[in-house]
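Please open the structure in a viewer and keep the selection panel at hand.

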Amino acid sequence: MDDLYRDYILDHYKHPRNFGELEPHDLEAFEHNPLCGDELGVHIRVEDDRIADLRFHGHGCAISQAAASISSEELKGMQLSEAGQLGADWLLELLGIPISATRRKCALLGLKAVRGAVTGDDAWPA
Amino acid sequence: MPPAAEQHGAIGHGLGVRDDFPIFKREFAGRPLAYLDSSSTSQKPQVVIDAQADHLREHNANVHRGVYALAQEADAAFEGARGRIAAFTGAGSRVTLFTKNVTEAINLVAYSWGRSTVGPGDAVLITQMEHHANIVPWQVLCRERGADLRYLEVDEQGQLSLAQLDRELARGDVRMVAFTHVSNVLGTINPVAEITLRAREAGALTLVDGAQAVPQMPVDVDALGADFYAWTGHKALGPTGIGVLHGRREILEQMPPFLTGGDMIASVDLQESTWNELPWKFEAGTPPIAEAVGLATAVEYLDALGMERVREHELELTVQLLEGLAQVPGVRVVGPPAAQDRGGLASFTVDGIHPHDVAELLGREGVCIRAGHHCAQPLMRCLGVKATARASVGVYSETRDVQALLDALHGARELFALEGASPARAG
C-alpha cells in the first residue's frame with residue numbers, strides 16, 4: 001500500500017464529505033496556496049457558539065481535498081472557540097499520513113480557511 | 001512507437017552527452033535521475049563547474065579596480081566572457097549587460113526606459129502567455145504612469161494573432177511590445193522577427209523574453225530585430241545569479257541608470273554624480289564575475305554541440321513525449337499540436353489526478369517534472385485550468401527519460417484506480 005495515497009485518502013479525494021455551498025451561512029473564508037494554485041473556501045453555520053454545519057468548496061490536490069474532507073467530519077459540532085485554536089498537529093494526526101515539508105501547506109489549506117472564518121486570522125496554522 | 005522515436009530509440013542516447021553532467025551519477029530510490037524539468041533550470045556540465053571553480057581558485061579579484069596582475073586577469077576573464085556570450089546569441093551590434101536574471105533585466109527596462117518614457121495615453125502591449133516576470137513590471141509601470149496595459153490573446157492552439165497585433169499597433173499608442181520567444185507553459189515558438197518588424201513600423205520598441213529559447217535553439221538577436229532581448233544563465237547550462245540583457249546602444253544611452261552605486265559612475269560629487277559608459281552604467285556594484293566565466297563556458301559548450309543539433313534533438317524527444325502522452329487515457333496537452341511549433345516541453349493535465357499528485361508520484365520513480373501555475377496565472381485562467389504538470393527536456397535528455405515519465409504516468413493512474421475512460425486527445 002502507498003504511504004501517502006492510502007485508500008481512505010483517495011476515497012475522501014474522490015468522494016469528499018461536506019463539499020459544496022452552504023446557504024445561508026454565518027461565517028466564511030477563502031484561502032489559496034499561491035505556490036500551487038490550490039483553493040479552498042469554507043461556509044460555516046453557527047448555532048449556540050458551535051459549528052452546526054459546514055461545507056468546503058474549491059479544488060486542489062488529493063492531500064488538500066482529503067484533509068478538508070476528513071477534518072469536516074470532526075469539525076461539525078465543535079465549539080467555535082475550540083475550532084479557532086486548532087493547530088497543524090491536530091490536522092496532521094487526523095490525516096494519519098507522512099506529510100513532507102513541500103506538501104504541508106496542501107494539508108493545512110482547509111484548516112487555514114476554517115481558522116480564518118472563525119477568528120479572522122489568516123496565518124498558516126502552526 | 002512513433003517512427004521518430006523508434007529511429008531515435010535505436011541510438012537511445014540523444015546527443016550522447018549525459019556523462020558530461022555529473023548529477024546523473026545520482027540515483028533516487030534506486031532509480032536513475034530522469035530530469036524533465038529543464039525549463040525550470042538546466043543541469044550543469046562538468047566544464048562549467050570547473051570553469052567557475054578554476055576562476056575562483058586561480059584568477060579571483062574584483063573587476064574594474066585593481067592595477068595588479070591578478071586584477072587584470074579577473075578583468076580579462078569577465079569582459080572576455082561578455083564578448084563570448086554576446087557572440088553566442090548573435091548580439092554583436094548590441095550592448096550586452098549582465099543582470100541577476102531575466103526578471104531583473106525586464107525590471108531594468110520597465111524602470112529605466114519605462115519611467116522616463118511612458119505616460120498617460122501611452123500603452124504597453126504584452127501577451128496572455130507571459131511569465132509573471134514579463135507581466136508584473138509592466139503592470140506596476142502602467143499603474144504608476146497612468147498608461148494602458150493591453151494583452152494579445154492566445155488562441156486554442158496556443159498561438160498569438162498577428163492580425164490582433166496589427167489592430168493594437170494601429171491604435172497608435174503602443175510604446176512597447178514585450179513578449180516571450182518561447183512560452184514556458186505552452187511551448188509556443190512565437191514569430192519574433194515578424195512581431196519586431198511590425199512594432200518598429202508602428203514606432204514601438206520591443207522586448208523579448210528569451211529565457212526558454214536561448215538554451216534550446218539557435219538565436220540571432222541582431223536578425224530577430226528586438227530592441228531588448230533578455231535571457232538567463234541557469235537555464236542555459238550556466239550558473240544561477242546571472243542574466244543577460246542585449247539592448248540597442250542608442251536607446252540605452254538615453255536611459256537613466258536603473259540601480260545606482262559603485263562601478264556605474266564616472267564621478268561622484270557631494271550632491272550629484274555622472275554615469276559610467278555602457279554597459280557599466282547599468283551594472284551597479286560588483287557584478288557576477290565567476291558566474292560570467294561559468295556562463296561563457298556554458299555557451300561555448302552549447303556552441304560546440306551546435307544549436308541546430310540541440311534543437312533537432314529536443315524536437316525528437318518532444319515528438320516522443322507528445323505521442324506518448326496522447327496514448328495515456330485522460331491526458332490533455334495544452335499548446336500547439338505539432339511538435340515543430342513548440343519548444344522541448346509539454347504541459348498537461350490528467351483527468352482525476354491533480355498535477356501536484358502527478359508530480360509527487362512521478363518523483364518517486366526518479367522522474368522530475370514541475371507542477372503548478374508555472375508563474376503564468378493569467379495564462380492558466382485563459383486555458384481554464386488551475387495548474388498543469390510540465391515535462392521539459394534538455395541537451396542531456398534521452399528517450400529513456402521520456403519512457404520513464406510515460407511508465408510512471410500509467411502507474412499513477414493505476415494507483416488512483418482510474419480506468420481508461422476518456423479518450424486521449426492528441427496534443
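Select helix 4 (residues 102-117) of chain B, which lies across strand 4, strand 7, strand 8, strand 9 (228-232) and strand 10 (243-247) of chain B. Helix 4 of chain B runs at about 155° to strand 9 of chain B. Helices (H or I, at least four residues) and strands (E, at least two) are DSSP runs, numbered from the N terminus. Axes are lines fitted to C-alpha atoms, for helices over the stretch in contact, and angles run from 0 to 180 degrees between N-to-C directions. Two residues are in contact if their C-beta atoms, placed from the backbone, lie within 7 Å.

This is a predicted model, in which local features need pLDDT of at least 70 and side-chain atom pairs count only at pLDDT 80 or more, while totals for chains, interfaces and linings use all residues. Residues are numbered from 1 along each chain as its sequence is written, and chains are lettered from A and ligands numbered from 1 in the order in which they are written.

**The seven-stranded sheet of chain B**

Next, display the open sheet of 7 strands in chain B, whose order is 4-10-9-8-7-5-6 with mixed pairing. Two strands pair if DSSP finds at least two bridges between them. At the edges are strand 4 (95-99) and strand 6 (148-152) of chain B, each of which pairs on one side only. From one strand to the next the twist averages 20°.

Within this sheet, select strand 7 (residues 174-180) and strand 8 (residues 205-209) of chain B, which run parallel and are joined by 5 bridges. Here B:Val177 stands opposite B:Thr206 of strand 8.

Now move to strand 10 of chain B. Is this strand enclosed or open? Strand 10 of chain B has 5 of its 5 residues buried, so it is largely enclosed by the rest of the structure. A residue is buried if 20 or more other C-beta atoms lie within 10 Å of its own, exposed if 12 or fewer, and partly exposed in between, with C-beta atoms placed from the backbone. In a regular strand the side chains alternate between the two faces of the sheet. In strand 10 of chain B, B:Gly243, B:Leu245 and B:Gly247 point one way, and B:Val244 and B:His246 point the other way.

Strand 10 of chain B is joined to strand 4 of chain B by 5 bridges, and the two run antiparallel. B:Phe98 is found opposite B:Val244. Strand 9 of chain B also pairs with strand 10 of chain B in the antiparallel sense, over 5 bridges, and B:Tyr229 stands opposite B:His246.

Select strand 14 (residues 345-350) of chain B, where 6 of the 6 residues are buried, so the strand is largely enclosed by the rest of the structure. B:Leu345, B:Ser347 and B:Thr349 point one way, whereas B:Ala346, B:Phe348 and B:Val350 point the other way.

Strand 13 (residues 331-334) of chain B runs antiparallel to strand 14 of chain B, with 4 bridges between them. B:Val334 has B:Ser347 as its bridge partner. Strand 17 (residues 388-392) of chain B pairs with strand 14 of chain B in the antiparallel sense over 4 bridges, and B:Phe348 has B:Ala389 as its bridge partner.

Pick B:Val333 in strand 13 of chain B. B:Val333 is buried, with 23 other C-beta atoms within 10 Å. The C-alpha atoms of B:Val333 and B:Gln403 are separated by 17 Å, and the two residues are 70 apart along the chain.

**A helix crossing in chain B**

Select helix 12 (residues 355-363) and helix 14 (residues 399-415) of chain B, whose axes come within 9 Å and cross at roughly 115°. B:Val358, B:Leu361 and B:Leu362 of helix 12 meet B:Leu405, B:Ala408, B:Ala412 and B:Leu415 of helix 14. These residues divide into 7 nonpolar, no polar and no charged. Ala, Val, Leu, Ile, Met, Phe, Trp, Tyr, Cys and Pro count as nonpolar, Asp, Glu, Lys and Arg as charged, and the others, Gly among them, as polar.

**Chain A**

Finally, select chain A, which contains 5 helices and 3 strands. From the N terminus on, its elements run α-β-β-β-α-α-α-α. Buried residues make up 41% of the 126 residues in chain A. Its contact with chain B takes 11 residues from chain A and 11 residues from chain B.
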